[in-house]
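Hello,

Here is the structure you are taking over. Please open it first and keep it beside you while you read the notes below.

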Amino acid sequence: MSYIRRFRQHNRMSFRVAAYFGIYLLAAPMLLAIGYEAAEASQADGTWRVRNLILRIFDCQQQVCGRIVWIKEAAKRPLQCGQTIIWGLAPTGQNEWTGGAILDPNDGKTYQLSASYQQDGTLRARIFRGIPLLGKTEILSRVDLRNFEGRCGESTVQDEPARH
């Protein structure tokens, strides 16, 4: 093989190695950032009161979900305690989530949901069907679940249901 031919093959292989290395250098920080976001706790994580119930908001497969952990009306506890009624909220910003769903545990209807964490420490949830403008906003306040009697017991907490 001539010197020129070996030189060309070597340059082609060097170019390929450099191209793969360049792709790796570009992709590595993005993959690390994705992993970091997944590991970072959401501002929404915790226990929140809305009207006559308390939800535990938690991370579920890099999205936000919510489960009933306390209900004011004792008669509803056996049926509703432990139900996951919020699922699919995906982050769209540092303290904003969209694309979720919420189940009304009283009538079984499902609505679309978006939420944002406010500077005053509240969680603002927009509940709607179709057009957010035509929906309603609920304000959730962070609470300490230990301050409430009649919490959902471990025996009534159901496993997370399959996505609806």
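Val50 is found in strand S1, residues 46-50; strands here are DSSP runs of E with at least two residues, and they are numbered from the N terminus. The model is predicted, so local features need pLDDT of at least 70 and side-chain atom pairs count only at pLDDT 80 or more, while totals for chains, interfaces and linings use all residues. Residues are numbered from 1 along each chain as its sequence is written, and side-chain values use heavy atoms, with hydrogens and water left out.

Val50 counts as buried because its relative accessibility is 14% (buried is under 20% relative accessible area, exposed over 50%, partly exposed in between, with a 1.4 Å probe and protein chains only). Val50 lies 75 residues from Ala125 in sequence, and their C-alpha atoms are 9.9 Å apart in space.

The largest pocket holds about 570 Å³ of space. A pocket is an open set of points on a 1 Å grid over the protein atoms alone, where a 1.4 Å probe fits, with protein on both sides within 12 Å along at least five of seven lines; lining residues have an atom within 4 Å of a point. Of the 30 lining residues, Val50, Ile102, Ile127, Lys136 and Glu138 are the closest to the centre of this pocket. Strand S7 gives the most to the lining, with four residues.

Leu134 is in the loop between S7 and S8. With 67% relative accessibility, Leu134 counts as exposed.

Regards

Note on methods
Points joined across faces, edges and corners; volume = space filled by probe spheres on them.
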